[in-house]
Amino acid sequence: MTPPDRLPGSEIPASRVGFGMSRPGRNSAGSATPEEPDNDNGEETLPPDAQVDLSKDRAETGIDDVFKALDEDLVGLAPVKKRIQEVAALLLVDRARARFGLSTSRPNLHMNFTGSPGTGKTTVAVRMSDMLHRLGYLRRGHLVSVTRDDLVGQYVGHTAPKTKEVLKRAMGGVLFIDEAYYLYREDNERDYGQESIEILLQVMENQREDLVVILAGYKDKMDSFFAANPGMSSRIAHHIDFPDYTLDELNDIGKLMMRDEGYRFSEEAEKTFRDYLKRRKDQPRFANARSVRNAIERARLRHASRLMETDESVGKDQLITLTPDDFLRSRVFAERDGDGDSDGDSKK
Amino acid sequence: MHITQGTFSYLPELTDDEIRKQIQYALDNGWACSVEFTDDPHPRNVYWEMWGLPMFDLEDAAGVLAEVNECRKAKPEHYIKLNAYDASYGKQTTALSFIVARPSEEPGFRLDRQEWHDRTIRYTLHPYVAEKPHGERYNGQK
């Protein structure tokens, strides 16, 4: 009856005990050893009297490039940049501690970005995933950006697989949930969003080494979201608030965008643009950097049609220069209490 | 009888860490991974049951490995294999397939001989576990 045993050569050596094969009485799910990001290169533990050069560590990871790009491409946001530097410092020190064999539990890296629209939350999240990847806390460093639609299903039993699929896609990187407060609808207790939140919480707690979750949304709405979901709030270590841009910062952002698009202001246009921003800022539905971008897009349109109407030939200078007229024709200047031309066409 | 099948059939069992690396290799090649299980050990059994849908657009092996572990938990004492599908034009086939879990005891096969006309002998493989109904094989673990 006894069939021939294993073929020669297929015996399992005793040293390979970590087999992924399920055996009765052993929980193979737990046998996947969580990778410590610092010890995977097989470094030996340093003696207690050794010295570690933190600045060298820092240079090796290349996060300075991230900071530099952050400083150059993102105007303002001083508190945000400071917080990111602090997080980076903590992670670097943790790495150094691990080299001495000091116990370092993996820090909780889940974050919450609050702020008005157009304050750079998504952009910072992309940079953050890059930084965490360079520091070795994320294996892949990609960013999966989702909203309620991607997580919550339409009928019973649809939500869990949908959320899990998104989570699987985000493994090794950052899961960025935009407008996260929509996940919870207090007026409907049978809303499937709650189910999605529960799965998220479970993964945020148990698979911390696999992904980082970043929630984003308006400050007041996120506050009520957290008030209704205390479990979510306690699992997020970093609450970072993105301040609104000042007029000067908006101006700088505008210039930066113009430079990237290959345009420039004429001398008077620069003053007009500033004046435009000043007026636009106080109007409803002002979306910070996004409104600046829209304003420039519209100015480009007017610039283009202005050039088409002239019969003269145009030179390079005219093609790249925006004049005050391109901005002055905006509705922002026409009526003080209008909607502004930069955000949609609806007029009150 | 230790049943072998697939890409690494000639190697000792892969550890979880090795499985993770193989999954990562598949994902780096853009292959979609899927998990399948069965309790019918016959070598000609090609219809394994799917554990969930194939996983597309994944970056990191952790997601696939989590599904493998889920399947191991839900289907102990089963054969579980991992497939990686190459969807690129001209391939469109399974690029990688290997067993990631197996029952603790594998009774093996009986060779049946059928005497046929003209002293012909016809052979067939009969898995011992196939005597029990589907779902009750291998220590009755479902």
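This is a predicted model: local features need pLDDT of at least 70, side-chain atom pairs count only at pLDDT 80 or more; totals for chains, interfaces and linings use all residues.

Residues are numbered from 1 along each chain as its sequence is written, while chains are lettered from A and ligands numbered from 1 in the order in which they are written.

**Chain A**

Chain A contains 15 helices and seven strands. Here helices (H or I, at least four residues) and strands (E, at least two) are DSSP runs, numbered from the N terminus. Of the 348 residues in chain A, 34% are buried. A residue is buried if 20 or more other C-beta atoms lie within 10 Å of its own, exposed if 12 or fewer, and partly exposed in between, with C-beta atoms placed from the backbone. Among contacts in chain A between residues at least 6 apart in sequence, 77% join residues at least 24 apart. Two residues are in contact if their C-beta atoms, placed from the backbone, lie within 7 Å.

An open sheet in chain A is formed by five strands in the order 2-3-4-1-5, with parallel pairing. Strand 2 (143-146) and strand 5 (238-242) of chain A each have a single partner strand and stand at the edges, so one side of each is left without a neighbour in the sheet. On average, neighbouring strands of this sheet are turned by 20° against each other, direction ignored. The angles are taken between N-to-C directions and run from 0 to 180 degrees; axes are lines fitted to C-alpha atoms, for helices over the stretch in contact. Within the sheet, strand 1 (residues 111-115) of chain A is joined to strand 4 (residues 212-217) of chain A by four bridges. A:Met111 has A:Ile214 in strand 4 of chain A as its bridge partner. Two strands pair if DSSP finds at least two bridges between them.

Helix 1 (residues 54-61) of chain A has eight residues, of which the number buried is zero, so this helix lies largely in the open. Just after helix 1 of chain A comes A:Gly62, with a positive phi of about 75°.

Helix 2 (residues 63-73) of chain A packs against helix 4 (residues 121-134) of chain A at an angle of about 165°, and their axes are 9 Å apart. That makes the two helices, helix 2 and helix 4 of chain A, roughly antiparallel. Angles under 35 degrees count as roughly parallel, over 145 as roughly antiparallel, 65 to 115 as roughly perpendicular and the rest as oblique. In the contact, A:Ile63, A:Val66, A:Ala69 and A:Leu70 of helix 2 meet A:Arg127, A:Asp130, A:Met131 and A:Arg134 of helix 4. By class, this contact of helix 2 with helix 4 of chain A has five nonpolar, no polar and three charged residues. Ala, Val, Leu, Ile, Met, Phe, Trp, Tyr, Cys and Pro count as nonpolar, Asp, Glu, Lys and Arg as charged, and the others, Gly among them, as polar.

A:Tyr182 sits in the loop between strand 3 (174-177) and helix 7 (193-206) of chain A. A:Tyr182 has 18 other C-beta atoms within 10 Å and is therefore partly exposed. From A:Tyr182 to A:Phe327, 145 residues apart along the chain, the C-alpha atoms are separated by 36 Å.

**Chain B**

Chain B has three helices and six strands, and from the N terminus on its elements run α-β-β-α-β-β-β-β-α. The C-alpha trace of chain B spans about 60 × 40 × 25 Å along its principal axes. Buried residues account for 34% of the 142 residues of chain B. Of the contacts in chain B with a separation of 6 or more, 51% are between residues 24 or more positions apart.

Strand 3 (residues 79-86) of chain B has six of its eight residues buried, so this strand is largely enclosed by the rest of the structure.

| Strand pair in chain B | Bridges |
|---|---|
| Strand 1 (residues 32-38) and strand 3 | seven bridges |
| Strand 3 and strand 4 (residues 93-101) | seven bridges |
| Strand 5 (residues 109-115) and strand 6 (residues 121-127) | seven bridges |

B:Ser34 stands opposite B:Asn83 in strand 3 of chain B, and B:Asp86 stands opposite B:Thr93 in strand 4 of chain B. The hairpin of strand 3 and strand 4 of chain B has six residues between the strands, and B:Gly90 in this hairpin takes a positive phi near 95°. B:Arg110 has B:His126 as its bridge partner in strand 6 of chain B. With five residues between the strands, the hairpin of strand 5 and strand 6 of chain B includes B:Asp118, which takes a positive phi near 55°.
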